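Me: I am new to this structure. Please take a close look at one part of the chain, then show me the whole around it.

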Amino acid sequence: MTLTALYLLVALGAGLVAMFLKLPPLVGFLAAGFGLHAAGVGEMAGLHTLADLGVTLLLFGIGLKLDVRSLLRPDVWLSTFAHLGFSVIIGVGLLAGIAPLGFALLADADLGEMALIAFVLSFSSTVFAIKVLEERHDNNTLYGRIAIGVLVMQDIVAVVFLTISKGHWPSPWVFALVLLLPGAWLAHRIWDRITSAELTALFGLAIALVPGYWLFEAVGLKGDLGALVVGVLLGSHAKAPALAKLLFSTKELLLIAFFLSIGLTGVPSLEDLALASVLQILLPLQAVAYVVIFAFMGLRYRTATLASFTLTNYSEFGLIVIVIASATGLASAQWQTVLAVATSLSFLVAAVFNVYAAKLINLLNRRLPERRPERLQEADRPINLGDAKALVVGMGRVGRTTYEELRDAQGYQVLAVEHDSLRADSLKQEGFDVVEADATDQDFWERVKKGTGMELVVLTMPFHGDNLLAMDLLQKLGFTGTVAAIALRPEERDELKKRGAHAVLNLYASAGSDLAEKALRVNQERRLSACQSLIPQARRGRRRPQG
């Protein structure tokens, strides 16, 4: 228990330090793992089991939200294989180029071993990427869906490689997995009868671990893949989103064990650290490759760059691949430590970049030539704002109520903006005028500015950082209409006010109708004030000829 308490305190302290430095807490957890190992602290019993549980629940949660049809899109499967081939080529080139510098691991490495290491470095971290998307609430945006699709395709490629590298095929019983289809139907019927939140959470956990993880491991496949497949089979159930929310906190806690475990893989030598640092050179090259490939597939530069930033890191899955490869003699066992350090460093680099991703992307895209709409995918083309007078950004509970108040009670022509494609489609079916768009996209707000008669913007996004960024973009583009927003805490309200919001209401103290009412009142007061300021000017204009 003493060791467990030490791990908890160190992880908490490191996470708080990372937060104060405006970095994701996972950076602190990685640092805590390396610090504990460097201090000679023994490994906590069951840490790897907890880490495996966290990854399993993560993939189960992805499956609950995954549309399998997205994997058949060319911008997913073709991008995956094109980038994999490119990464292997440049990876081998880099390793061959630095071999004469005196790295012992590369001195005796042949072309096959270098290609294997480059192959391992071509994978992106599913855990890290999903964490980034969840923190931004971007899982169901266009770029988020593409990134998740690429991650799933990479996992499938890795599973195939692991199967082949182990030297034996899965058990003949693997064909019995087809019985999961009628089993999913039975699970749906059982789930229909469960009304307790506790039983729902237990049901989800049991499904993810037994017919998911354990069953796939029993027939010679990777258990994480089983959790993903079972999640997909249950994803069509009406209670799937609620189950994902119930398991969210448990998954987040278990993933702390995962990040701690990465830092406990071994004590790297100075040469290991140097080689792991040199391998970071591949990251910007891989990022550029993703942008070029996605742009070729018909995505805007901004969409392509966001997806690229999400995928630009090394994968914990690669560590599993190199462990198997070293056990079968395909690579030196010392690569395990080097790649563990390289993966950790890539998380640090990616975490810093993703904190400032939106601002960096807006800066980059201003320097890139504008693409013609006909060359873009339909989902990524410019948006027609029509004759809307009011814009509601974020269609959660408050946003929906605000929209209905403005439209039904006040008679406004309202347009809603929602970045979650599933929610946007559902709202359209209910009769709401909704566009799927990203409110942190400068291009979108430029179109808002050019819209005819847009006079009121209401920001109801759940993530405070998104509302702040939208405010910054509105201010930067010179939007002169009224802006209202929601806030969770007093300091958030004050920050929005400083950024130029004319009306800010507490998320829990006010319903959407209150926000709509205040936004309209402030808008009318500002318009009246503007009209009154014109009266003296008009009078002075009439007096001048008499003088």
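Reply: Start with a cut-off. A residue counts as exposed when its relative accessible area is over 50%, and as buried when that area is under 20%. Keep in mind that the model is predicted.

Now take D108. Its relative accessibility is 74%, so D108 counts as exposed. Where does D108 sit? It lies in a loop. Helix α5 (104-107) is on one side of that loop, and α6 (111-120) is on the other.

Along the chain, 247 residues separate the two.

Step back to the chain. It is built with 24 helices and 6 strands. The C-alpha trace spans about 100 × 60 × 55 Å along its principal axes.

What share of the residues is buried? Of the 547 residues, 52% count as buried. D108, by contrast, counts as exposed.

Contacts come next. Take those between residues at least 6 apart in sequence. Of these, 76% join residues at least 24 apart.

Then the surface. The accessible surface of the chain comes to about 25700 Å². Carbon and sulfur atoms account for 63% of that area.

Last, charge. The chain carries 47 positive and 47 negative side chains. The centres of these two sets are 11 Å apart.

Terms used:
Residues numbered from 1 in each chain as written. Predicted model: local features only at pLDDT ≥ 70, side-chain atom pairs only at ≥ 80, totals over all residues. Heavy atoms only, no water. Helix = DSSP H or I, 4+ residues; strand = E, 2+ residues; numbered from the N terminus. Buried < 20%, exposed > 50% of the residue type's maximum accessible area, 1.4 Å probe, protein only. Contact = heavy atoms within 4.5 Å. Areas by Shrake-Rupley, 256 points an atom, 1.4 Å probe, with all protein chains shown as cover. Lys, Arg positive; Asp, Glu negative; His and termini not counted. Charge placed at Lys NZ, Arg CZ, Asp CG, Glu CD.
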